[in-house]
Amino acid sequence: MKKISILILLILINSIYAQWEKQTAPDFKITEDLYSISYGGENTFYAVGQNGRIIESNDNGKNWSFINAADPASLDPNFKSVFFINKDTGWVISNNGFLFGTQNGGKSWDDNYQAKWYEINANFSSLFFINYHTGWICGENETICKINNEPWTGGIELQNSGAYSFLQSIYFIDSLTGWTCGSAGEILSTINGGLTWNKQIVDTNYFLSSVYFVNSSLGWISGISTIDQSGIVLKTTNGGVNWNLEYNTEPNEGLYTIKFKDADTGITAGNSGAVYITTDGGLNWINKNIGNLNSIRSICYDAMSNIVLAGLNGLTLLSTDSGNSWKDVNHTYNIYSVCFYNKNLGWASGDEGIILKTTNGGNIWRIVESNYFNNLGAITFVDSLNGWILGSSRDSSILRTTNGGESWNKINVLKDITYSWPFHVYLTSFIDSLSGWIIAMHDQWESILLKSIDGGNNWVDATVSLPFLPDNNFTDIYFLN
């Protein structure tokens with residue numbers, strides 16, 4: 001009988017362990033080269049790069065997560081440019097001649113009604129859309145393509161540019177007026193949507209990398225001098241009829257990207273961590289070198305004038321003060337708590353206010369904005385909508401959501417309770433969307449029990465004195481109902 005019992009026990013143990021599959025906490029450390037960033041509105045950035053990498057941020061560049069590129073990844077392209085006209089609708093192009101799009105914020109990229117691949121015999125480098133129906137792509141072999149009407153079902157045409165260089169950047173101010181630039185100092189402009197292009201050469205020693213206009217007259221181009229690899233900034237005030245050399249950087253600081261927020265405020269960046277900002281339309285440029293030798297390849301402003309830079313080796317930096325200081329936002333997070341409501345829907349919390357959500361059992365996690373910047377503790381949900389997360393061990397607060405973790409509100413648990421010494425939220429337990437309890441603990445391990453009947457918005461002291469626990473040293477709490 002003992003042998004049979006042991007055998008049954010072993011079978012049960014093996015059966016239990018066989019149901020577990022190890023999952024690694026999401027690692028958002030980006031190592032691939034990043035070539036392009038686009039702002040889609042509503043706090044959302046997208047960036048693309050090497051090996052089909054696509055990443056997104058839903059909190060103005062503070063935190064980033066990977067997007068599953070699906071079919072593009074199987075083709076192993078390097079995505080060279082990304083452009084979103086809103087947070088849901090956007091396109092990417094690859095160096096091996098493909099255009100790919102999404103209409104749901106990158107949740108799916110396929111060849112059905114949501115997106116189409118188009119193949120042109122050229123390496124693409126830049127794309128630009130003025131609306132849902134009209135866009136342009138440029139690249140090698142004089143390539144300029146216009147996308148007309150419905151980009152998901154067809155309407156892509158090859159335009160006769162007359163260029164002889166590898167075109168690097170394209171920009172349109174409206175459906176008719178646009179510019180493109182490339183190697184050997186070549187600049188092209190159009191006033192009829194690209195039916196014809198006018199060409200000029202400013203200097204054959206210039207590799208022109210990026211073009212940007214704030215209106216039909218005022219624009220800038222960044223580039224690199226092939227003589228000493230210094231950066232150059234060209235400016236026009238007459239729509240590109242004439243271009244003047246506005247600025248020249250130190251050697252080996254070639255500039256790959258330039259953007260302007262308005263006619264006065266702009267930024268350009270490139271090799272050796274070179275970053276230059278201007279507040280007078282480019283008359284003067286101030287060196288704001290980031291102290292990182294990686295090459296910067298793309299710049300993007302958001303609606304609040306935050307700036308995101310992206311570059312080689314996963315370089316991803318954020319500035320919230322007009323470029324005067326920069327924060328590295330490419331890092332790995334520690335995850336401290338995980339909660340699943342069912343086999344598919346789950347959440348996790350951890351370092352620096354990080355909150356993650358999955359809807360497919362943890363195969364893919366995405367970051368949701370918390371607006372909280374301290375470490376987060378235990379997370380709990382009572383249904384698919386209502387959840388709570390403890391603040392840091394030195395913070396008497398919790399975070400509350402009523403929409404499945406898409407947004408969170410901070411609540412000060414002790415705001416209406418006064419004590420002569422500080423307590424810190426330690427543990428929480430909810431039985432439904434309204435009723436919950438919290439243990440708050442003093443540094444000397446003395447505890448208090450708090451209760452809420454309105455979902456955690458307000459709390460009262462519900463401590464019970466127990467003769468066998470004179471210091472109220474509670475360490476755990478659980479309610480069945």
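Which residue lies over the face of Phe66? The points below start there.

1. Arg53 is the residue in question: in this predicted model, Arg53 sits 4.0 Å from the ring centre of Phe66, over its face. A second contact of this kind involves Lys80, whose charged end is over the ring of Tyr35 at 3.9 Å from its centre.

2. Do have a look at the largest pocket, with a volume of about 910 Å³. Its lining takes in 39 residues, and Ser36, Ser81, Ser126, Lys259 and Ser298 lie nearest the centre. Strands that each supply at least two lining residues include S1 (34-41), S5 (79-84) and S9 (124-129). By class, the lining has 22 nonpolar, 13 polar and four charged residues.

3. The second largest pocket has a volume of about 720 Å³ and is lined by 30 residues. Nearest its centre are Glu56, Asn58, Gly105, Lys107 and Arg366. Here the lining splits into eight nonpolar, 13 polar and nine charged residues.

4. Tyr247 and Tyr276 make a tilted one, 5.5 Å centre to centre with 55° between the planes. This pair joins strand S20 to strand S23, with the two residues 29 apart in the chain. Tyr247 is partly exposed at 24% relative accessible area, whereas Tyr276 is buried at 3%.

5. Trp388 and Phe430 are stacked, 3.6 Å centre to centre and 10° between the planes. They link strand S34 with strand S37 across 42 residues, and both are buried.

6. Finally, ring pairs connect Phe83, Trp91, Phe128, Phe129, Tyr171 and Tyr212 into a cluster.

Conventions
Residues are numbered from 1 along each chain as its sequence is written. This is a predicted model: local features need pLDDT of at least 70, side-chain atom pairs count only at pLDDT 80 or more; totals for chains, interfaces and linings use all residues. Side-chain values use heavy atoms; hydrogens and water are left out. On a 1 Å grid over the protein atoms alone, a cavity is a set of points where a 1.4 Å probe fits but cannot get out, and a pocket is an open set with protein on both sides within 12 Å along at least five of seven lines; lining residues have an atom within 4 Å of a point. Grid points are joined across faces, edges and corners, and a volume is the space filled by probe spheres set on the points. Helices (H or I, at least four residues) and strands (E, at least two) are DSSP runs, numbered from the N terminus. Ala, Val, Leu, Ile, Met, Phe, Trp, Tyr, Cys and Pro count as nonpolar, Asp, Glu, Lys and Arg as charged, and the others, Gly among them, as polar. Rings of Phe, Tyr and Trp (its six-membered ring) pair if their centres lie within 6.5 Å; planes under 30 degrees apart count as stacked, over 60 as edge-to-face and the rest as tilted. Buried means under 20% relative accessible area, exposed over 50%, partly exposed in between (1.4 Å probe, protein chains only). A charge sits over a ring if NZ of Lys or CZ of Arg is within 6 Å of the ring centre and within 35 degrees of the ring normal.
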